[in-house]
2 protein chains.
Amino acid sequence: MFERIYNGVGVYTNNCLNGLTSVSLSGQLIARATLDQEKMQLGLSFSDSDVSSFTPLVVLELADDTKAEAITWLLNRIRDKQQNGGAELLVNQLLFPAQDDQKPNPNVFVVGSTLQRLLNGAEDVGLFKEFQDGTMRGFTYANRESFKDFNGDGEAFLSDAECQYIIKHELDTLRAKNEEHVPGYPKLKLYPGKSVVRRLQSKGVLIQYFPLHNKEDLKRLSFSWYKKFKLSFQPLEDIRHYFGEGLALYFGFLEYFTFALVPMAFIGIPYYLFDWEDYDKYVLFSVFNLVWSTVFLEVWKRCSAMLAYGWGTLSRKKAFEEPRAGFHGALGFNPVTGREEPIYPSSKRQLRIYLVSVPFVLLCLYLSFYVMMVYFDMEFWAISIYHENPNIATSILLFVPSIIYAVVIEIMNLLYRYAAEFLTAWENHRLESSFQNHLVLKVLVFNFVNCFASLFYIAFVMQDMMLLRQSLATLLITSQILNQVMEAFLPYWLQRRRNKKVHKRMRRLMGDKELPLLEQVQLETEMNTYLGTFDDYLEQFLLFGYVSLFSCVYPLAAVLVVLNNITEIYSDAFKMCHVFKRPFSEPAANIGVWQLAFETMSIIAVVTNCALIGLSPQVKAYFPESDTQLILIVVAIEHVLLAFKFILAFVIPDVPKHIQVKLAKLEFDSLEALKKRKILEATETGNTWNK
Amino acid sequence: MFERIYNGVGVYTNNCLNGLTSVSLSGQLIARATLDQEKMQLGLSFSDSDVSSFTPLVVLELADDTKAEAITWLLNRIRDKQQNGGAELLVNQLLFPAQDDQKPNPNVFVVGSTLQRLLNGAEDVGLFKEFQDGTMRGFTYANRESFKDFNGDGEAFLSDAECQYIIKHELDTLRAKNEEHVPGYPKLKLYPGKSVVRRLQSKGVLIQYFPLHNKEDLKRLSFSWYKKFKLSFQPLEDIRHYFGEGLALYFGFLEYFTFALVPMAFIGIPYYLFDWEDYDKYVLFSVFNLVWSTVFLEVWKRCSAMLAYGWGTLSRKKAFEEPRAGFHGALGFNPVTGREEPIYPSSKRQLRIYLVSVPFVLLCLYLSFYVMMVYFDMEFWAISIYHENPNIATSILLFVPSIIYAVVIEIMNLLYRYAAEFLTAWENHRLESSFQNHLVLKVLVFNFVNCFASLFYIAFVMQDMMLLRQSLATLLITSQILNQVMEAFLPYWLQRRRNKKVHKRMRRLMGDKELPLLEQVQLETEMNTYLGTFDDYLEQFLLFGYVSLFSCVYPLAAVLVVLNNITEIYSDAFKMCHVFKRPFSEPAANIGVWQLAFETMSIIAVVTNCALIGLSPQVKAYFPESDTQLILIVVAIEHVLLAFKFILAFVIPDVPKHIQVKLAKLEFDSLEALKKRKILEATETGNTWNK
């Protein structure tokens with residue numbers, strides 16, 4: 001079926017069914033800048049000069065039993081010119097020199113693009129780039145020379161991540177024309193305007209597509225990021241260049257949060273060292289904490305606006321959102337696009353949400369409470385044993401229930417996460433963003449209750465501050481250790497085992513020939529997929545909860561979180577570079593729903609801290625006669641603090657002044673340009689004016 | 001200096017200094033639709049066919065000692081073609097046939113425009129109009145035929161208010177070219193890009209400019225609005241057509257608020273009739289009130305989005321804001337526009353705000369508290385007299401302090417308003433919107449404290465619910481009567497006196513000739529200027545406060561507010577039509593800062609109502625042993641209600657689904673159009689693609 005050409009180094013081929021030309025190319029990952037030199041050295045041969053060699057940027061993996069006509073059709077559509085509705089990209093099959101029992105999937109393709117096409121694509125996706133005058137402007141090919149870093153033919157103008165994002169966008173928006181189904185698959189229905197890639201993906205024909213790592217850049221990035229053990233800021237610009245804005249913002253937030261916690265940690269240390277038990281000191285700490293958490297979140301908004309402006313994502317318009325890959329329903333007409341597409345009545349979705357998902361979540365919350373009560377029974381049992389026979393063994397036993405509970409909480413969170421994903425997918429949301437919001441809400445509520453319920457119970461029902469402190473410490477330390485192991489080290493260990501296997505197989509397949517691209521694609525195809533920043537933000541959210549909710553009884557929490565986050569930066573950086581497939585860049589202007597989640601947590605923190613202060617014996621001592629007066633005063637202070645918080649959030653502008661000026665300038669210039677154009681047009685058609 | 005041509009009916013003239021042609025035109029207000037017929041009937045004569053007769057839409061009044069060269073220059077700039085930087089409008093001087101001792105200001109001009117210019121202006125200001133497919137789209141002259149109501153040459157396409165708004169916009173954006181100063185006024189400096197009209201206005205050369213009433217439309221509007229005394233919705237569409245979106249939204253809100261109060265009023269009546277003193281009934285009422293106030297505001301957001309969509313203001317972009325007329329500072333370069341303009345350091349403004357305005361506001365608040373304490377002294381004195389000698393006279397005396405206090409409050413509010421305006425102007429804000437925000441904030445805080453402090457004092461310090469009810473009733477009724485008198489009837493009475501005088505003078509000037517336009521312009525020039533919806537919204541805000549804050553002790557408040565608002569609609573409609581100058585249309589997409597103000601009030605209402613319920617004897621009876629438990633439960637309920645309120649506000653979408661779909665469709669279509677255009681351009685320059 002497929003013609004294969006061996007040139008001794010590594011082979012690409014075109015699908016030849018419909019007379020397309022075949023080319024062979026070295027299986028070498030070629031950094032774009034050094035493309036030409038390496039081409040010389042390796043002696044590449046091309047059987048056709050029309051489809052020239054290219055830097056492979058994205059890997060497409062189709063199921064290994066995909067029908068040949070479907071492959072031909074797909075490759076044709078990807079290569080076809082834009083005016084014919086194609087993506088006008090370069091794509092070639094990756095072929096292996098020999099077959100094997102454990103033969104790798106032959107249907108692996110690499111996609112690349114000409115520079116010209118990428119620059120046009122950059123305009124399509126609405127990329128913002130730095131202009132000559134230092135402002136950020138929407139890139140247009142016509143004005144390319146006016147952009148700051150555009151030199152020569154624009155070789156280094158787009159970062160790797162941007163190129164891959166553009167290719168992803170072009171592949172995603174490759175739409176069916178008049179095909180009624182995918183060739184070879186009469187059941188894989190299509191309709192004009194349907195995204196081809198989404199349909200192939202949802203039916204399992206397209207297994208995955210992902211961007212390739214760039215080994216040289218990766219080496220440079222990982223060196224500057226986590227290989228030098230010295231105190232320095234993270235190379236956010238490099239991270240953004242390599243992984244895109246979404247991930248860079250996460251690491252920016254992680255760094256900002258950690259630095260913001262340092263003063264809290266410094267103030268917290270003497271409380272622990274000198275065993276300060278005076279509650280008036282705790283009151284001080286708590287007030288500081290309240291102001292800190294509000295200012296921290298407000299200032300972050302400004303920082304993130306600054307970062308996003310510099311990265312061109314702040315003023316960039318969101319692209320029109322496609323339905324998710326898994327969305328299904330009866331064919332109908334979309335009222336917005338007028339296209340035929342699946343329609344799923346939102347009333348049905350509401351029914352599923354309110355009759356199934358909400359009860360399920362409530363049930364899980366009940367279960368979580370039940371587990372909590374079992375934990376307290378265990379706790380009392382351990383204490384009673386310790387009191388009967390106090391020795392080292394029983395004093396260690398005191399910590400056992402907390403540790404078990406922490407492990408159980410982690411497991412429950414994990415299981416619930418899968419259930420929530422399943423349920424949210426079953427709710428059949430049309431848009432990925434709506435899916436994400438419902439998933440985040442479900443997971444957040446459960447995680448909040450699961451992680452903090454026992455602490456609230458100890459604090460306000462049992463009113464046992466010693467136990468609260470001990471539980472906090474155990475929870476914090478256990479969940480930190482568990483997290484780092486589950487997140488980075490376990491996947492790394494699995495990955496290394498897999499790598500060795502792949503390496504061995506490749507050696508067997510190709511003897512001692514050097515086939516870096518083939519091997520790299522094989523390795524990366526089998527790497528785990530990074531599922532987005534969700535879990536990373538969730539972890540920070542819970543840590544923020546530990547610090548802000550109960551800080552006034554356990555000031556050391558900040559110290560623990562700082563220590564955790566320092567290792568977290570390294571392990572997260574490591575897992576991005578070596579454990580997971582490279583993710584597609586995600587243009588983000590802010591941390592999205594997480595800003596709201598953190599703000600909600602900081603409001604709950606005001607209530608909790610006020611209540612904890614009200615419960616403290618020192619404060620109670622000021623009102624020996626009646627609790628009533630104490631409670632009224634605490635409630636009044638709480639209301640004032642909340643009002644102050646809202647006013648502060650309202651008064652601090654979300655975008656720093658100098659960014660506001662730049663945004664206004666952009667808007668003003670485009671208005672002026674529009675006006676000039678209109679006057680020009682009016683002058684040209686001046687004869688109609690004087691009628 | 002001026003050549004005047006009398007043609008026996010009424011005369012316009014051009015300024016002839018620099019050889020401009022003179023025309024004469026009947027002083028008749030001509031409805032555009034009937035222009036041609038009336039032209040025939042009245043036998044108009046034109047000395048020049050180039051500047052043809054036109055419907056006068058806007059009146060410009062310059063100071064009567066304005067230098068002739070300044071007038072010539074201004075009229076030239078207004079008439080000049082757009083490509084020369086002019087406004088390309090039609091303008092003529094209004095002349096009086098005879099002189100008099102009490103001679104009217106001769107420097108009154110009427111401005112009009114050709115239809116063509118207005119349609120082009122509609123595109124400039126970004127007017128949204130209904131498209132053939134029922135969606136709202138930005139009007140463009142090129143696509144004019146595709147808009148729904150565009151028939152023939154587009155005669156009736158733009159409403160009067162829209163035409164006047166367009167003329168205002170064109171006058172406002174008439175910019176200085178290379179003039180260094182206004183001709184004849186070496187001290188009236190100009191710089192390129194400065195708005196000419198703003199400069200003339202701030203220096204008192206331009207006294208005012210305002211849109212003319214259209215007598216026929218006004219008659220029709222006032223008939224359908226307030227002249228038929230039957231229960232019906234207000235003609236919001238007609239109001240919008242005549243007065244613009246800002247005012248129509250106010251009347252829409254007023255109507256919506258009144259209707260929303262009707263169920264509250266119905267529930268409130270039996271409380272009063274049957275003297276229900278059971279607090280459990282009040283608790284019910286209060287809970288109902290809380291849910292009502294949240295839902296009411298959320299639903300209004302949706303209503304206003306629907307109205308604004310239909311009026312084309314929802315998706316319309318805000319025009320770039322000019323500096324206010326009164327803004328001053330040293331000349332510098334605006335970082336946004338790059339133009340030379342006055343710059344005032346914001347640090348100086350901050351100093352003025354924090355060192356002068358804030359202390360002043362605090363002082364006023366203190367004064368307000370002081371007056372309140374005096375009122376309570378008076379109150380106690382009246383009660384003691386009544387107790388000494390209870391008869392009819394002394395029982396009437398019981399109400400006197402409240403009435404005096406209500407009057408004093410109104411006077412203080414009025415005086416404070418002037419002070420706040422002066423202070424905010426002195427703060428020298430660059431933008432009108434920023435000026436307005438600071439003014440609203442100042443006035444709101446003071447009005448809130450001034451109107452409600454005594455009620456809070458009675459409710460929570462004195463805990464005298466009888467007195468609270470009585471004070472509420474007195475405050476409500478007194479302020480209502482005062483408001484209606486001050487707002488509508490007093491100005492109307494003054495206006496009528498003035499009208500008679502003008503009428504008499506005109507009779508003397510012109511004998512028994514009919515000069516409707518001349519007389520109309522004279523009358524309207526001397527009418528009061530409507531200062532915007534600020535006071536009207538403020539009144540509704542305070543009424544909302546009376547209803548929502550203390551409803552659970554005085555359910556009749558809703559009834560009183562409904563009664564007030566029914567008369568308010570009539571008196572407001574009347575004052576707009578007959579007491580004030582016609583205001584320029586104000587494109588508004590929502591009620592702006594007032595939505596926030598009402599929402600804040602409804603949050604305060606949750607706190608107040610919970611506290612009032614906690615104070616009620618019936619609720620207290622449930623917790624005979626300890627107040628502590630009661631307070632904790634009330635506080636817990638309050639927190640739950642507040643959380644519920646926030647969640648409700650978050651869950652209810654601000655824009656109804658079908659409007660969202662239409663907005664998305666608009667965005668989608670423009671994206672598609674852009675894409676098509678790009679592919680077309682790419683095809684045209686196809687040769688660069690295959691390189």
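Colleague: Why are helix α4 (residues 160-172) and helix α7 (residues 236-243) of chain B called roughly parallel?

Modeller: Their axes come within 5 Å and cross at roughly 30°. Axes are lines fitted to C-alpha atoms, for helices over the stretch in contact, and angles run from 0 to 180 degrees between N-to-C directions. Angles under 35 degrees count as roughly parallel, over 145 as roughly antiparallel, 65 to 115 as roughly perpendicular and the rest as oblique; α4(B) and α7(B) are therefore roughly parallel to each other. On the α4(B) side the contact (heavy atoms within 4.5 Å) is made by Asp160(B), Ala161(B) and Glu162(B), and on the α7(B) side by Arg240(B), His241(B), Tyr242(B) and Phe243(B).

This is a predicted model, in which local features need pLDDT of at least 70 and side-chain atom pairs count only at pLDDT 80 or more, while totals for chains, interfaces and linings use all residues. Residues are numbered from 1 along each chain as its sequence is written, chains are lettered from A and ligands numbered from 1 in the order in which they are written, and side-chain values use heavy atoms, leaving out hydrogens and water.

Colleague: What makes α3(B) and α4(B) roughly perpendicular?

Modeller: Helix α3 (residues 115-124) of chain B packs against α4(B) at an angle of about 75°, with the axes 9 Å apart. By that angle, α3(B) and α4(B) are therefore roughly perpendicular to each other. Arg117(B), Leu118(B), Gly121(B), Ala122(B) and Asp124(B) of α3(B) meet Cys163(B), Ile166(B), Ile167(B) and Glu170(B) of α4(B).

Colleague: How do you know that the length of α2(B) agrees with its number of residues?

Modeller: The expected span is 1.5 Å times one less than the number of residues. For the twelve residues of α2(B), 68-79, that should be 16 Å, and the end C-alpha atoms are 16 Å apart, which agrees.

Colleague: Why is α2(B) described as largely enclosed?

Modeller: Buried means under 20% relative accessible area, exposed over 50% and partly exposed in between, with a 1.4 Å probe and protein chains only. Ten of the twelve residues of α2(B) are buried, so the helix is largely enclosed by the rest of the structure. Among them are Trp73(B), Leu74(B) and Arg77(B).

Colleague: Is Glu427(B) buried or exposed?

Modeller: Its relative accessible area is 0%, so Glu427(B) is buried. Glu427(B) is found in the loop between α12 (400-426) and α13 (432-462) of chain B. Its side chain makes polar contacts (N or O atoms within 3.5 Å, one able to donate a hydrogen and the other to accept it) with Ser357(B) at 2.5 Å and with His429(B) at 2.8 Å.

Notes: Helices (H or I, at least four residues) and strands (E, at least two) are DSSP runs, numbered from the N terminus.
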